[in-house]
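Hi everyone, thanks for coming along. I'd like to walk you through a structure that may be new to you, so let's bring it up on the screen.

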Amino acid sequence: MNNRVFDQRFRLDSIQKLSFRFTSLGFVRNNEFFGPIADGYTLFGYQLNPRIAYQPAPNVVLEVGVFFRSDFGQERITQIAPTFTVKFRHRNWNYLFGTLEGSVSHNLIEPLYNFERLLQQRIENGLQINHQTNRTFFDGWISYLQNTRPGYTRQEQFWGGISAEFSLLYSPGFRLSVPLQFTVFHAGGQNIISPLPVRTALNAAGSLSLTWQNEASGFLRSARLDTYVAGYSENAEKSYSGGALYPNLTLQFKPLTVLVSYWHGNAYRAELGGDLYQSLSRRYNSTYGERNRQLLILRFLKDIPIADGLSVAVRFEPHYDAGNGKFEHSEGVYITFRR
């Protein structure tokens, strides 16, 4: 999906200066899920991230701030976390240490990265390299999700990957490209007291994508066809593997965008992927498994600009779970501000 409205990337200015930056996200997302794979629930709250940025040179910026998350219905603020980023730019390449330009800015498909992590686990810390032009996109990162020490009972967790898209043909109104995505999740640690096995899980996806852009101002603004194939492999106490087909057709009309997706998964898993695409249940206190998953998903997306830096995104996402014969849906409203 086009999640540009939630993008966390920022440009370096050519003038050395001290600046104040502020981003916020207000959200309500309701999942009406009744099948055995994913829980139904509502996410309702807001995020705030004020930051101060100092640019000692035209190609270097240091940024420090605080991230707040509040879930409505809680008596206290859900999360308070410091944010700190050092960003260095060389030609068209950006190198980051600290708080990453992560989450949906990795441009991963939802079977590899759950959109709801934007609302619940948005902050990522680690190392990152990214590059973006009209023809190419590249993002490589490693984030440290959870640390450990000798004698601790919890495992350390790393998550990293590469997300890229390269144009094979590029002309006004037409583009043929190849998106490639690869992620690694590792949980383990030395000299820790944990009954959990050491795990390394790999996920990959690739597509041949065709984009058409209407140069005239017609009712249909653009169309994009993606033909994703996804794979999964894990090495723990036993080895596991799986795969999936995931074609998508995106139609951008003048009033709204419509996205039609089909998911056919076979023993597929992704540690940070969307709940609906998993072959093992994510429901609370459930051990249910479903080797083959077939979903037909229809998404209606509308981004509404309100003022400079302020916009509202409205989404309605019904789907049909063919394996369980259920119609389910989710809907959300997201208010973003970035200055």
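Here is a question to begin with: is F115 buried or exposed? Keep in mind as you look that this is a predicted model. F115 turns out to be buried, with a relative accessible area of 4%.

Now for the aromatic rings, where the count comes to 19 pairs. One of them joins F22 and F337, a tilted pair with 6.2 Å from centre to centre and 50 degrees between the planes. These two partners come from distant parts of the chain, 315 residues apart: F22 sits in strand β1 and F337 in strand β17. F22 is partly exposed at 24% relative accessible area, and F337 is partly exposed too, at 26%.

Back to F115, which pairs with Y334: the ring centres are 5.5 Å apart and the planes stand at 80 degrees, so this pair is edge-to-face. Here 219 residues separate the partners, with F115 in the loop between β5 and α1 and Y334 in strand β17. Y334 is buried, and its relative accessible area is 0%.

There is also a cluster to look for: ring pairs link Y232, Y246, W263, Y268 and Y277.

Let's finish with S311, in strand β16. S311 is buried, at 13% relative accessible area. Which residues is S311 in contact with, leaving aside its neighbours within four places in sequence? Among them are V5, I304 and our friend Y334. T336 is on that list as well, and the side chains of S311 and T336 are joined by a polar contact of 2.9 Å.

Technical notes: Residues numbered from 1 in each chain as written. Predicted model: local features only at pLDDT ≥ 70, side-chain atom pairs only at ≥ 80, totals over all residues. Heavy atoms only, no water. Helix = DSSP H or I, 4+ residues; strand = E, 2+ residues; numbered from the N terminus. Buried < 20%, exposed > 50% of the residue type's maximum accessible area, 1.4 Å probe, protein only. Polar contact = N/O pair within 3.5 Å; in protein donor to acceptor, adjacent residues only side chain to side chain. Contact = heavy atoms within 4.5 Å. Phe/Tyr/Trp six-rings, centres within 6.5 Å; stacked < 30°, edge-to-face > 60°.
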